[in-house]
Amino acid sequence: MAQPSQAEGSNSFRRIIVRSVLLPILPIVALLLVFLLQLANLVSAAQLVDHTDQVLTVTYKAQSLMVDMETGLRGYLITADKQFLDPYQLGEESINGVFDQLGGLISDNPTQTNRLAELRARFTTWDTYSEQLLTLRDGGGDYASLDLQRH
């Protein structure tokens, strides 16, 4: 029988090395790529959740200001105690800044931007109405008969 030459032995050794070392590395590299893709998806989802949380926080702040304004206005209309107007006046000073902050957060979403524009328009209508109520109340007029639908 003929002995394998040194070149054939060297090729055989290389095949063994490839099979035992390099072949297991391929699935590890594939798993690493899958892991990195999943990690990128997770980071992206976390950023979206954080952005949504910011939008909700500012939205709740706007809602709270508007509720406080309305509550203060009602308290003043019922009692004529100017102390009730404190939350109303604070809301008047703050609400536009909150609307602007919210607008900046949602500027990439046309549907939400349209909703904010509608909310601002409704708030402006209510604010005009509330100022007329205050003027009538302070002047002793019939503020109870003022109709919001005409404004």
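## Helix H2

In this predicted model, the buried residues of helix H2 are Leu85, Tyr88, Gly91, Ile95, Val98, Phe99, Leu102 and Leu105. The helix runs over residues 85-105 and has a kink of about 40 degrees centred on serine 94.

## Nonpolar core

Nonpolar side chains tend to be buried together in soluble globular proteins. Here the largest nonpolar core has 23 residues, and Leu73, Tyr88 and Trp126 are those with the most contacts inside it. H1 provides the largest share, eight residues.

Tyr88 is also among the buried residues of H2. Leucine 73 touches both Tyr88 and Trp126, as well as Ser130, Leu133 and Leu134, when residues up to four places away in sequence are not counted.

## Salt bridges between parts of the chain

Side chains of opposite charge can pair when their charged atoms come close. The structure holds four salt bridges. One of them joins the side chains of lysine 82 and aspartate 138, with an N to O distance of 3.6 Å. This pair links distant parts of the chain, 56 residues apart: lysine 82 is in the loop between H1 and H2, and aspartate 138 is in helix H3. Lysine 82 has 51% relative accessibility and so counts as exposed, whereas aspartate 138, with a relative accessible area of 49%, is partly exposed. The two fall into separate classes because exposed means over 50%.

Another salt bridge is formed by arginine 120 and aspartate 100, whose closest N and O atoms are 2.3 Å apart. Because arginine 120 lies in helix H3 and aspartate 100 in helix H2, the pair ties together parts that are 20 residues apart in sequence. Arginine 120 is partly exposed, at a relative accessible area of 28%; aspartate 100 also counts as partly exposed, at 48% relative accessibility.

Arginine 122 and glutamate 118 form a salt bridge in which the closest N and O atoms are 2.9 Å apart. Both residues are in helix H3, and because they are four residues apart, about one helical turn separates them. Arginine 122 counts as exposed at 59% relative accessibility, while glutamate 118 is partly exposed, with a relative accessible area of 44%.

Definitions and conventions. Residues numbered from 1 in each chain as written. Predicted model: local features only at pLDDT ≥ 70, side-chain atom pairs only at ≥ 80, totals over all residues. Heavy atoms only, no water. Core = buried A, V, L, I, M, F, W, Y, C linked by side-chain atoms within 4.5 Å. Buried < 20%, exposed > 50% of the residue type's maximum accessible area, 1.4 Å probe, protein only. Helix = DSSP H or I, 4+ residues; strand = E, 2+ residues; numbered from the N terminus. Contact = heavy atoms within 4.5 Å. Bend = angle between axes of the 7 residues up to and from the residue.
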